[in-house]
Amino acid sequence: MHCRDYRLSVHAPGLIKINSGNKKPSPNESVKSKECSAIYPQCGTVYQAGNWTWKRPESTVIDDAKTVTCPACQRIDVNMPAGTVTLSGSFLLKHRNEIINLIENTEKQEKAEHALERIINFTDSAADLIVTTTGIHLANRLGHALEAAFKGDSDYQYADDEYGLSVDWTRDE
Ligand SMILES: [Zn+2]
């Protein structure tokens, strides 16, 4: 079986770009496996046929599978988000639990479909709530889920020169 260098096919191309231009810890110093058929990261994802997916019980066991840190865990390890969702406005203060439930449920759905799309953390910044993600699809989906559930306004800003998305959602009562 022809085996590709998985770093060229990862779902988070920003990792490669970010590392080429600065001295931050490199999340990409991983195994470059030419002979691999599958890679099994510790979080339970598997790399096969050019994609990262959740390992399923019926997956074929491959003896020479490599164990590495997947791109999502690399971003989490070095706290290098691809997506940032900033929530603000007085509605947030009164409905914080509902909003966090929505965000967590949205992550659960997105993560089930796309193994590399995960929340890194929730951070309070003054009256704002900041949610960081490993992928831009989850950040985008969170913005739309917030609008669908709670109305308010979302603004989406894609980074010009790297893989990144900032979403600002706000609602005042
Ligand atoms: Zn992982």
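This is a predicted model: local features need pLDDT of at least 70, side-chain atom pairs count only at pLDDT 80 or more; totals for chains, interfaces and linings use all residues.

Reply: Start with the helix pair H4 and H5, which are oblique to each other. Residues are numbered from 1 along each chain as its sequence is written.

Me: At what angle do the axes of H4 and H5 cross?
Reply: Two packed helices are described by the angle between their axes and the distance between the axes. Here H4 (residues 96-113) and H5 (residues 136-150) cross at roughly 135 degrees, and their axes come within 10 Å. Axes are lines fitted to C-alpha atoms, for helices over the stretch in contact; angles run from 0 to 180 degrees between N-to-C directions. Helices (H or I, at least four residues) and strands (E, at least two) are DSSP runs, numbered from the N terminus.

Me: Which residues of H4 and H5 make the contact?
Reply: Contact means C-beta atoms, placed from the backbone, within 7 Å. H4 brings Ile-99, Leu-102, Ile-103, Thr-106, Glu-107 and Glu-110. From H5 come His-137, Leu-138, Arg-141, Leu-142, Ala-145, Leu-146, Ala-149 and Phe-150.

Me: Is Thr-106 buried or exposed?
Reply: The test counts other C-beta atoms within 10 Å: 20 or more is buried, 12 or fewer exposed, in between partly exposed. Thr-106 has 20 such neighbours, so Thr-106 counts as buried. Thr-106 sits in helix H4. Not counting residues up to four places away in sequence, Thr-106 touches Arg-141, Leu-142 and Ala-145. Across the chain of 173 residues, 33% are buried.

Me: Now the sheet. In what order do the five strands lie?
Reply: Strands pair if DSSP finds at least two bridges between them. The order is E4-E5-E3-E7-E6, in an open sheet with mixed pairing. E4 (119-125) and E6 (153-158) are at the edges with a single partner strand each, so one side of each has no neighbour in the sheet. On average, neighbouring strands are turned by 15 degrees against each other, direction ignored.

Me: How many bridges join E3 to E7?
Reply: Six bridges join E3 (residues 83-88) to E7 (residues 165-170), and the two strands run parallel. One to locate: Gly-83 has Leu-165 in E7 as its bridge partner.

Note on methods. Angles under 35 degrees count as roughly parallel, over 145 as roughly antiparallel, 65 to 115 as roughly perpendicular and the rest as oblique. Two residues are in contact if their C-beta atoms, placed from the backbone, lie within 7 Å.
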